[in-house]
Amino acid sequence: MTKNILEVKGLKTYYRTRLKEQVFAVDGVDFVLEEGKTLGIAGESGCGKSTLALSLMGFYFPPLHYQSGSIVINGIDIMKLKKEELRSKILGREIAYIPQAAMNALNPTLKIIRFIEDMMKVHRPELSKKQVWEMAAERFETLNLSPNVLNSFPNELSGGMKQRTVIAISTILNPKVLIADEPTSALDVSSQKVVIKLLKDLLDKQFIKSLVFITHELPLLYHVTDDIMVMYAGEIVERGTSHEMIFDSIHPYTKKLMGSIIVPEEGMKGHKLSAIPGAPPNLKNVPAGCRFSDRCSYATDACMTGKVESKMVDDRTYRCLYDVEILKEWYAHE
Amino acid sequence: MSAYSKYFIKKFCWYFLTLVIAVSLNFILPRLIDGNPVSIIVSQVSKGMTDSDTIKQVYDTFMKEFGLDKPMWTQFLIYIKNLFTGDLGTSFGLYPKKVTDILATAVPWTVGLQLPAILVGWILGNILGAVAAYKKGVFDKAIFPVALFVNSIPFFTLAIIMLYIFGLTLKWFPLSGGYDFQMIPQLSFEFIGSVIRHHTLPFLSIVLVTIGGQAIGMREMSIYELNSDYVLYSKLLGIRDRTVSRYVFKNAMLPQITGLALSLGTMIGGSLICEIVFSYPGIGTWLFTAIRQLDYPLISGCTLIIAVSVLLANFTLEIIYGIVDPRIKAAQMEDE
């Protein structure tokens, strides 16, 4: 039986604004990630996917606050740890993070190697500066990055190079889980490919065990991850394998989202692009019933009231009032 | 020749041209003020004299002595010629004292007052600003408005208020001068004590204003850096808060250092108001006296020192920046 490397149960993390309002950015998220698996998280802007990525680290900065739920990484419930233990034992070692804006993720006035030295002072204090250099140079070389990069300042590197450097730094201690928050969104297509290849390399070489890849680019996930999870308004609306999610989605939102993908093909210019009508709900006051109800073309009065729980059908989870069969029938009539 | 030396020479030429214009203006502007300095002197010298011929004679002698009988452009050429030999002329008001001698006694007072005050104010201001940004909460809410308030009071108002409270009302500090005027400057405890007592109030006024401005700047810079992506990323890799704070404050300091270099350059010119309010025997007070007496050579001498120090500070800063920061160097090359 495969081991669960990451288990998240009932995770709720809210932003608290100055006016004492609450933003339900991550509102009751449950999922499990098995060892060796890759999971993609997709959704529109503002659905809470980046917040979920940050929340998984168990390290909260105001205005983001932990509300409830558990995060178990490799058997350790990190929300039960003291902040100091979390910092020195978990971050960078068990779970690592690649930020959305890798362009600015490195201190502009610090050489890359100095930054790695500061990191090792926490996690591997027994290493000398020379050993840190050797370790970093070896890892960089394995990942097809020139060790010369170590001696550069961040502004001397190109965007794609910076992104790969950040990935190499994040994974230098072989963390079990790597959370990548839109690592390719700011890159041109060829750099994107290099970054994806690098992530796959890390998995193949067993430097990381599992990967959580967050993006709004669904076609990319299809090629990268085993499973895809779609988020909407702070909740997970559907999860399945990449193939199922793209070609056989259950939830109306996933269906619509897949329909919004722009695929280059002959005669595209004449086509009418379909988009989801309306806008995602304001996460300060979420609808009482199904959160997608006001934009869903199949919504009934029953959808507007009463909380919708997620359902499980042969390994697939989805959050809709209606059963798969009914939904499938509706889709067939379109 | 490398592109950088070309840049250096070009910059130097521009600064030299600016200096030439400044020197010309320093010469011309005082002479455009209404009034005749010799009349002022003669009216003092000839008190009690009734013979108009004698008065006329005294007047002519002074006109000749000061070279004011010659046309303006001849005077200018003489001024420039003397400048090359390091002679700034003879003061009218303190005749026959040399302007260079007066400036030599004045500059140490100005530098002695401004340099420590700016440095202390700069250091304290930056610490306060950084702590306010880092601690947030009550500390920030208390420090920031106070700094903003102090920084918004016009300096002369602040100086006069301090003089009124601590000098006139409480009598803690003397009202004017660099030392008790009955004393002879010498290396004795008594004299040094007197200098320190006279130094305190103008020193504190400059420190206070500098703290205000620096604290505001540093707070803003620190908040900006604290919210930057590298802070979050570093923390999520488990790097200690102490180390991350070091990154933040080092980066926030960079523009502050530029500010310090600039304020040191404008130090001599910036001392004007402070010295006038506290009657401190530096360049500012001399310039003020010189303007009232239409003492052309002394005015020109004071403004020359101010112009040269500002130009020198800017020039040095521009050259050093080009060497230190590769980004700025690249930008400088593009100007070519």
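Reply: Let's start with A:P63, which sits in the loop of chain A between helix 1 (49–56) and strand 4 (64–73). Helices and strands here are DSSP runs numbered from the N terminus, with at least four residues of H or I for a helix and at least two of E for a strand. The peptide bond that leads from A:P62 into A:P63 is cis, and its omega is near 10°.

Before we go on, please keep in mind that this is a predicted model, where local features need pLDDT of at least 70 and side-chain atom pairs count only at pLDDT 80 or more, while totals for chains, interfaces and linings use all residues. Residues are numbered from 1 along each chain as its sequence is written, chains are lettered from A and ligands numbered from 1 in the order in which they are written, and side-chain values use heavy atoms, leaving out hydrogens and water.

Two other loops of chain A also deserve a visit. A:N174 lies in the loop between helix 5 (159–170) and strand 7 (177–181). Its phi is near 50°, a positive value in a residue that is not glycine. A:N174 is partly exposed, at 34% relative accessible area (buried means under 20%, exposed over 50% and partly exposed in between, with a 1.4 Å probe and protein chains only). Further along, A:Q206 belongs to the loop between helix 6 (189–204) and strand 8 (210–214), and its phi, about 65°, is positive too although A:Q206 is not a glycine.

Chain A has 11 helices and 12 strands. Its radius of gyration is 21 Å, close to the 20 Å that the globule rule gives for 334 residues, so chain A is as compact as a globular protein of that length (the radius is taken over C-alpha atoms, and the rule is 2.2 Å times the number of residues to the power 0.38). The C-alpha trace of chain A spans about 65 × 50 × 45 Å along its principal axes, and 52% of its 334 residues are buried.

What does the inside look like? The largest nonpolar core contains 85 residues, and A:F115, A:I116, A:I169 and A:L199 have the most contacts within it (such a core is a set of buried Ala, Val, Leu, Ile, Met, Phe, Trp, Tyr and Cys residues joined through side-chain atoms within 4.5 Å). Another core, apart from that one, has 35 residues, including A:I5, A:I95, A:M229 and B:L236.

Chain B has 15 helices and zero strands. Its radius of gyration is 25 Å, whereas a compact globule of 336 residues would have one near 20 Å. The C-alpha atoms of chain B fill a box of roughly 90 × 65 × 35 Å along the principal axes, and buried residues make up 41% of the chain.

For one last stop, find B:Q114 in helix 5 (residues 99–135) of chain B. B:Q114 is buried, with a relative accessible area of 4%. Leaving out neighbours within four places in sequence, B:Q114 is in contact with B:I206, B:M267, B:G270 and B:S271.

Methods. Contact means heavy atoms within 4.5 Å.
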